[in-house]
Amino acid sequence: MAVTACGSDNSSEDTRKTPSARTSAPAPVTSSADPETTAKAQLLDAYRHYWDEKAAAYAKASMSGTRLKTYAKGNALGLAQSDLKNLKTSGQVTTGEPRIDPQVISLDLQKRVPLAKISDCVDVSTWKVLDAKTKREVALPEDRRTKYVSNVTAEKWGKRWIVLDVKPEDRAC
């Protein structure tokens, strides 16, 4: 499950605060003459919404009432659904939210279906797993990685960017 992330020592990690997916200001969508700048802003805005909806779903171990399917398809949606099934089966939910620091690393607007790649530093240290009934925090391995690199692929379907693939790496950021 993405909440528990990967196992590793975090002692050498960068401790700077990254914006929360839920509380960071959305990237302004401008009417810039530069289509690439506008596309990047729209892409990052959609990606932040993906994390907002994912955090909302994990908080109740259900996609019901969220718009996660609006922002994620394919592998990205499948991983979230698998995590949600594991949370529900374990009688767990989450509280808090991850902090993200996405950077667009490639953008191809010339393709028939525009394609983008994002590299993100995901910090799940403030995203806690709780027992759904008691609301007590579930003990997780102390050596789990709480800040890691995630590689993301998105496509623009019509006027919307859709997160298609999310690949967390077993390395700190």
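This is a predicted model: local features need pLDDT of at least 70, side-chain atom pairs count only at pLDDT 80 or more; totals for chains, interfaces and linings use all residues.
The protein chain contains 3 helices and 6 strands. In sequence order these elements follow the pattern α-α-α-β-β-β-β-β-β. The protein chain comprises 173 residues, of which 44% count as buried. Among contacts between residues at least 6 apart in sequence, 67% join residues at least 24 apart.

Helix H1 spans residues 35-58 and helix H3 spans residues 74-90. The two helices pack with their axes 10 Å apart and at an angle of about 20°. Because angles under 35 degrees count as roughly parallel, H1 is described as roughly parallel to H3. The crossing of H1 and H3 is right-handed. On the H1 side, the contact is made by Tyr-50, Ala-57 and Tyr-58. These residues meet Ala-76, Leu-79, Ala-80, Asp-83, Leu-84 and Leu-87 in H3. By class, the contact of H1 with H3 consists of 8 nonpolar residues and 1 charged residue, with no polar residues.

Two of the H1 residues in this contact, Tyr-50 and Tyr-58, also belong to an aromatic cluster. The members of that cluster are Tyr-47, Tyr-50, Trp-51, Tyr-58 and Trp-127. The count of aromatic pairs comes to 4. In one of them, the rings of Tyr-47 and Tyr-50 have their centres 5.9 Å apart and their planes at 25°. Since planes under 30 degrees apart count as stacked, the Tyr-47 and Tyr-50 pair is stacked. Tyr-47 and Tyr-50 lie 3 residues apart in helix H1, and are therefore separated by about one helical turn. Tyr-47 has a relative accessibility of 1% and so counts as buried. Tyr-50 is likewise buried, with a relative accessible area of 1%.

A further stacked aromatic pair is formed by Tyr-58 and Trp-127, at 5.2 Å centre to centre and with 10° between the planes. This pair links distant parts of the chain, its two residues being 69 residues apart. Tyr-58 is in helix H1, whereas Trp-127 is in the loop between strand S3 (115-123) and strand S4 (128-131). Tyr-58 counts as buried because its relative accessibility is 0%. Trp-127 is also buried, with a relative accessible area of 0%. Tyr-58 thus takes part both in the contact of H1 with H3 and in the stacked pair with Trp-127.

Technical notes. Residues are numbered from 1 along each chain as its sequence is written. Side-chain values use heavy atoms; hydrogens and water are left out. Axes are lines fitted to C-alpha atoms, for helices over the stretch in contact, and angles run from 0 to 180 degrees between N-to-C directions. Helices (H or I, at least four residues) and strands (E, at least two) are DSSP runs, numbered from the N terminus. Angles under 35 degrees count as roughly parallel, over 145 as roughly antiparallel, 65 to 115 as roughly perpendicular and the rest as oblique. A crossing is left-handed if the near helix is turned anticlockwise from the far one by less than a right angle, and right-handed if clockwise. Contact means heavy atoms within 4.5 Å. Ala, Val, Leu, Ile, Met, Phe, Trp, Tyr, Cys and Pro count as nonpolar, Asp, Glu, Lys and Arg as charged, and the others, Gly among them, as polar. Rings of Phe, Tyr and Trp (its six-membered ring) pair if their centres lie within 6.5 Å; planes under 30 degrees apart count as stacked, over 60 as edge-to-face and the rest as tilted. Buried means under 20% relative accessible area, exposed over 50%, partly exposed in between (1.4 Å probe, protein chains only).
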